[in-house]
Amino acid sequence: RGRASVRGVHQLTEMVKSDDPGLAFARVLAANEKPIRTQAVKKLTIFLSRRTKPLTETELLKLWKGLFYCMWMCAKPKVQEELAGKLSSLLSCFATHEQAMAFFTAFLQTMQREWHGIDRLRLDKYYMLMSHFMTAAFVRAKLHNWEDEAVEKLAACLSAAMRPGYDSNSPLGVCMHLSTAAIESFKDSADENMTPEVTLQLLEPLIMAIAESKNPTFVRHLRDNVMDAIVADLQQQLEEEDDEEEEEEEK
């Protein structure tokens with residue numbers, strides 16, 4: 001254990017200087033020793049916050065291989081939730097929306113690629129991780145007042161997340177959970193700065209999936225669990241507005 005820890009510390013100090021930071025970080029993020037993984041996440045947060053040169057798609061996918069197994073090694077529910085929060089907060093480290101959504105896209109691709117290998121006992125923590133990331137993605141756009149680029153990049157990520165559900169042979173677990181998480185995050189983040197145009201742009205990936213997917217199970221899920229939730233929420237808002245108007249009239 002002592003030698004492993006020393007080796008881990010050496011890797012932590014060298015990985016930032018590496019010509020292949022994705023691979024260098026992946027090795028320590030997937031380490032057997034929890035202290036090394038914890039320090040690796042801290043180092044990664046600092047690294048991403050200070051780095052000006054964008055990571056390539058290949059580097060991001062290598063990095064996410066390590067982050068995936070960092071979560072895989074995490075056993076206790078409370079620690080899993082804390083780690084999910086730390087990993088999703090990495091989205092706020094990036095200077096541009098393009099870099100942040102590239103990181104988010106690499107996460108989505110990793111989940112699709114690794115999904116079949118996740119055993120039943122580990123599914124819940126990855127569902128939680130996807131929910132945390134979807135929330136963080138919407139929060140980032142909200143903090144930038146739903147500016148055009150932020151919304152455009154987020155909508156593109158949502159479209160990519162739904163795309164595997166168009167194929168009747170693709171695993172649906174990821175798409176179905178992400179679609180539900182997207183609606184929850186959309187409702188939770190909605191504010192006075194979210195214009196009708198922004199609303200339509202963010203919901204369009206889900207609407208298009210209903211129209212174009214050839215997978216009846218996915219379409220039924222979207223229709224029953226996603227779009228119905230939107231309609232119910234809008235109906236509730238209209239009823240509340242009517243009640244407020246009636247109260248005003250009575251006064």
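Reader: To begin, in which helix does Glu98 lie?

Author: Please keep in mind that this is a predicted model. Glu98 belongs to helix H6.

Reader: Which residues does Glu98 touch, leaving aside those up to four places away in sequence?

Author: With those set aside, Glu98 touches Glu149 and Lys153. Sequence separation and distance in space may also be read together: Glu98 and Pro54 are 44 residues apart in sequence, and their C-alpha atoms are 9.2 Å apart.

Reader: How is the packing of two helices described in general?

Author: Two packed helices are described by the angle between their axes and by the distance between those axes. In this model, helix H6 (residues 97-114) and helix H8 (residues 148-162) pack at an angle of about 10°, and their axes are 10 Å apart.

Reader: Are H6 and H8 roughly parallel or roughly antiparallel to each other?

Author: Angles under 35 degrees count as roughly parallel. H6 and H8 are therefore roughly parallel to each other. The crossing in which H6 passes H8 is right-handed.

Reader: Which residues of H6 and H8 meet?

Author: From H6 come His97, Glu98, Met101, Phe104, Thr105 and Leu108, and these meet Glu149, Ala150, Lys153, Leu154, Cys157 and Ala161 in H8. By class, the residues of this contact of H6 with H8 are seven nonpolar, two polar and three charged.

Reader: At what angle do H4 and H5 pack?

Author: H4 and H5 pack at about 160°, with 9 Å between their axes. Angles over 145 degrees count as roughly antiparallel, and H4 and H5 are therefore roughly antiparallel to each other. Their crossing is right-handed. On the H4 side the contact is made by Leu67, Cys70 and Met71, and on the H5 side by Gln80, Leu83, Ala84 and Leu87. Six of the residues in the contact of H4 with H5 are nonpolar, one is polar and none is charged.

Reader: How do the axes of H8 and H9 cross?

Author: The axes of H8 and helix H9 (residues 173-189) cross at roughly 150° and come within 9 Å. H8 and H9 are therefore roughly antiparallel to each other. Leu158, Ala161 and Met162 of H8 make the contact with Cys175, Leu178, Ser179 and Ala182 of H9. The contact of H8 with H9 has six nonpolar residues, one polar residue and no charged residues.

Reader: Which element gives the most to the lining of the largest pocket?

Author: H3 gives the most, with five residues. As for class, the lining of the largest pocket consists of seven nonpolar, one polar and six charged residues.

Reader: Finally, the backbone. What is the phi of Asn145?

Author: Phi of Asn145 is near 55°, a positive value in a residue other than glycine. Asn145 is placed in the loop between helix H7 (123-143) and H8. Trp146 also lies in the loop between H7 and H8, and Trp146, although not a glycine, has a positive phi of about 55°.

Terms used: Residues are numbered from 1 along each chain as its sequence is written. This is a predicted model: local features need pLDDT of at least 70, side-chain atom pairs count only at pLDDT 80 or more; totals for chains, interfaces and linings use all residues. Side-chain values use heavy atoms; hydrogens and water are left out. Helices (H or I, at least four residues) and strands (E, at least two) are DSSP runs, numbered from the N terminus. Ala, Val, Leu, Ile, Met, Phe, Trp, Tyr, Cys and Pro count as nonpolar, Asp, Glu, Lys and Arg as charged, and the others, Gly among them, as polar. Axes are lines fitted to C-alpha atoms, for helices over the stretch in contact, and angles run from 0 to 180 degrees between N-to-C directions. Angles under 35 degrees count as roughly parallel, over 145 as roughly antiparallel, 65 to 115 as roughly perpendicular and the rest as oblique. A crossing is left-handed if the near helix is turned anticlockwise from the far one by less than a right angle, and right-handed if clockwise. Contact means heavy atoms within 4.5 Å.
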